[in-house]
Amino acid sequence: MELYTPILALALIATGFAVFSVIMSAVVGPKRYNRAKLDSYECGIEPTPQPVGGGRIPVKYFITAMLFIVFDIEIIFLYPWAVHFDQMALFGLVEMVLFIGTVFVAYAYVWRRGGLDWD
(Lines give C-alpha, C1' and ligand atoms only; values in the text may rest on other atoms or scores of the structure.)
Protein backbone atom coordinates (compact mmCIF):
# COMPACT_ATOMS: atom_id res chain seq x y z
CA MET A 1 0.00 0.00 0.00
CA GLU A 2 2.91 2.35 0.65
CA LEU A 3 3.75 2.30 -3.07
CA TYR A 4 0.43 4.02 -3.83
CA THR A 5 0.77 6.69 -1.13
CA PRO A 6 2.59 9.22 -3.38
CA ILE A 7 -0.02 8.74 -6.12
CA LEU A 8 -2.85 9.24 -3.64
CA ALA A 9 -1.13 12.32 -2.21
CA LEU A 10 -0.66 13.80 -5.69
CA ALA A 11 -4.31 13.13 -6.54
CA LEU A 12 -5.43 14.85 -3.33
CA ILE A 13 -3.19 17.85 -3.99
CA ALA A 14 -4.46 18.15 -7.57
CA THR A 15 -8.10 17.90 -6.47
CA GLY A 16 -7.53 20.41 -3.70
CA PHE A 17 -5.86 22.84 -6.12
CA ALA A 18 -8.74 22.53 -8.61
CA VAL A 19 -11.41 23.09 -5.96
CA PHE A 20 -9.44 25.97 -4.40
CA SER A 21 -9.00 27.65 -7.81
CA VAL A 22 -12.70 27.47 -8.66
CA ILE A 23 -13.79 28.77 -5.27
CA MET A 24 -11.22 31.60 -5.21
CA SER A 25 -12.10 32.75 -8.74
CA ALA A 26 -15.75 33.03 -7.69
CA VAL A 27 -14.88 34.88 -4.46
CA VAL A 28 -12.11 37.21 -5.64
CA GLY A 29 -12.95 37.65 -9.33
CA PRO A 30 -14.63 40.78 -10.71
CA LYS A 31 -18.41 40.82 -10.84
CA ARG A 32 -19.06 43.46 -13.50
CA TYR A 33 -21.68 41.97 -15.77
CA ASN A 34 -23.11 43.67 -18.80
CA ARG A 35 -25.11 42.60 -21.84
CA ALA A 36 -22.09 42.32 -24.15
CA LYS A 37 -20.15 40.20 -21.67
CA LEU A 38 -23.02 37.74 -21.18
CA ASP A 39 -23.80 37.48 -24.91
CA SER A 40 -22.53 34.45 -26.83
CA TYR A 41 -19.42 34.92 -28.95
CA GLU A 42 -18.80 33.23 -32.30
CA CYS A 43 -15.34 34.07 -33.64
CA GLY A 44 -15.92 37.79 -34.08
CA ILE A 45 -19.11 37.50 -36.13
CA GLU A 46 -22.62 38.27 -35.01
CA PRO A 47 -24.02 35.19 -33.27
CA THR A 48 -26.90 33.42 -34.94
CA PRO A 49 -30.14 33.82 -33.03
CA GLN A 50 -31.16 30.85 -30.93
CA PRO A 51 -34.72 30.10 -29.86
CA VAL A 52 -35.56 30.38 -26.18
CA GLY A 53 -34.82 27.10 -24.44
CA GLY A 54 -31.90 26.13 -26.67
CA GLY A 55 -33.18 24.79 -29.94
CA ARG A 56 -32.30 21.74 -31.97
CA ILE A 57 -28.84 21.01 -33.31
CA PRO A 58 -28.69 19.19 -36.65
CA VAL A 59 -27.69 15.54 -36.45
CA LYS A 60 -24.97 16.21 -39.05
CA TYR A 61 -22.77 17.73 -36.31
CA PHE A 62 -22.99 14.59 -34.21
CA ILE A 63 -22.30 12.32 -37.19
CA THR A 64 -19.22 14.37 -38.05
CA ALA A 65 -18.02 14.10 -34.44
CA MET A 66 -18.53 10.33 -34.40
CA LEU A 67 -16.65 9.95 -37.70
CA PHE A 68 -13.78 11.97 -36.27
CA ILE A 69 -13.66 9.71 -33.21
CA VAL A 70 -13.70 6.54 -35.33
CA PHE A 71 -10.85 7.64 -37.57
CA ASP A 72 -8.95 9.09 -34.62
CA ILE A 73 -9.09 5.72 -32.87
CA GLU A 74 -7.76 4.10 -36.04
CA ILE A 75 -4.70 6.33 -35.88
CA ILE A 76 -4.20 5.43 -32.22
CA PHE A 77 -4.13 1.74 -33.17
CA LEU A 78 -1.54 2.42 -35.87
CA TYR A 79 1.09 3.81 -33.47
CA PRO A 80 1.91 0.57 -31.57
CA TRP A 81 1.94 -1.31 -34.86
CA ALA A 82 4.43 1.15 -36.35
CA VAL A 83 6.67 0.99 -33.28
CA HIS A 84 6.84 -2.82 -33.18
CA PHE A 85 6.52 -3.52 -36.89
CA ASP A 86 9.83 -5.39 -37.14
CA GLN A 87 8.97 -7.69 -34.21
CA MET A 88 5.55 -8.71 -35.51
CA ALA A 89 6.78 -9.61 -38.99
CA LEU A 90 4.20 -11.07 -41.40
CA PHE A 91 1.53 -11.61 -38.74
CA GLY A 92 1.48 -7.89 -37.90
CA LEU A 93 1.34 -6.93 -41.56
CA VAL A 94 -1.62 -9.23 -42.27
CA GLU A 95 -3.51 -8.07 -39.18
CA MET A 96 -2.99 -4.40 -40.06
CA VAL A 97 -4.08 -4.94 -43.67
CA LEU A 98 -7.28 -6.54 -42.36
CA PHE A 99 -7.81 -3.69 -39.90
CA ILE A 100 -7.17 -0.95 -42.49
CA GLY A 101 -9.37 -2.80 -45.00
CA THR A 102 -12.24 -2.88 -42.52
CA VAL A 103 -11.85 0.82 -41.76
CA PHE A 104 -11.59 1.61 -45.48
CA VAL A 105 -14.88 -0.19 -46.13
CA ALA A 106 -16.50 1.95 -43.41
CA TYR A 107 -14.92 5.07 -44.91
CA ALA A 108 -16.16 4.20 -48.41
CA TYR A 109 -19.65 3.57 -47.04
CA VAL A 110 -19.73 6.93 -45.24
CA TRP A 111 -18.36 8.69 -48.30
CA ARG A 112 -20.93 7.04 -50.58
CA ARG A 113 -23.80 7.95 -48.22
CA GLY A 114 -22.70 11.62 -48.18
CA GLY A 115 -21.58 11.68 -44.58
CA LEU A 116 -18.50 13.74 -45.47
CA ASP A 117 -20.40 16.42 -47.43
CA TRP A 118 -20.59 19.62 -45.46
CA ASP A 119 -23.57 21.74 -46.51
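Select Phe71 to begin: at 21% relative accessibility, this residue counts as partly exposed. Phe71 belongs to helix H3. The model on the screen is a predicted one. The cut-off for a buried residue is under 20% relative accessible area, so Phe71, at 21%, does not count as buried.

**The surroundings of Phe71**

Keep Phe71 selected and display the residues around the side chain. Which residues does Phe71 touch, leaving aside its neighbours within four places in sequence? The contacts are Val103 and Tyr107. Now select the C-alpha atoms of Phe71 and Tyr107. These two residues are 36 places apart in sequence, and their C-alpha atoms lie 8.8 Å from each other in space.

Together with Phe71 and Tyr107, they form a cluster linked by ring pairs.

**Along helix H4**

Colour the two by accessibility. Tyr107 is partly exposed, with a relative accessible area of 30%, whereas Trp111 is exposed, at 54%.

**The aromatic pairs**

Two values matter when rings are viewed together: a pair of aromatic rings is described by the distance of the centres and the angle of the planes. How many aromatic pairs does a search of the whole structure find? The search gives five. One of them joins Phe77 and Phe99, an edge-to-face pair with 5.7 Å from centre to centre and 85° between the planes. This pair links distant parts of the chain, since Phe77 is in helix H3 and Phe99 is in helix H4 (residues 85-113), 22 residues apart. Tyr107 and Trp111, already selected above, form a tilted pair, with centres 5.8 Å apart and planes at 45°.

Return to Phe77 and Phe99 and inspect their surfaces. Phe77 is partly exposed, at 48% relative accessibility. Phe99 is also partly exposed, at 25%.

**A buried charge**

Select Glu74, which is another residue of helix H3. Is Glu74 buried or exposed? Glu74 is buried, yet has no salt bridge. The nearest side chain of opposite charge is that of Arg113, 19 Å away. A salt bridge requires the charged atoms to be within 4 Å. Leaving aside sequence neighbours within four places, Glu74 is in contact with Phe99, Ile100 and Val103.

Switch to a surface view and select Val59, a residue of helix H3 (residues 59-83). Val59 is exposed, with a relative accessible area of 56%.

**The whole chain**

What does the secondary structure come to? There are four helices and zero strands, and from the N terminus the elements follow the order α-α-α-α. Of the 119 residues, 7% count as buried. The accessible surface of the protein is about 11000 Å², and carbon and sulfur atoms account for 72% of that area.

Definitions and conventions: Residues numbered from 1 in each chain as written. Predicted model: local features only at pLDDT ≥ 70, side-chain atom pairs only at ≥ 80, totals over all residues. Heavy atoms only, no water. Helix = DSSP H or I, 4+ residues; strand = E, 2+ residues; numbered from the N terminus. Buried < 20%, exposed > 50% of the residue type's maximum accessible area, 1.4 Å probe, protein only. Areas by Shrake-Rupley, 256 points an atom, 1.4 Å probe, with all protein chains shown as cover. Lys, Arg positive; Asp, Glu negative; His and termini not counted. Contact = heavy atoms within 4.5 Å. Phe/Tyr/Trp six-rings, centres within 6.5 Å; stacked < 30°, edge-to-face > 60°.
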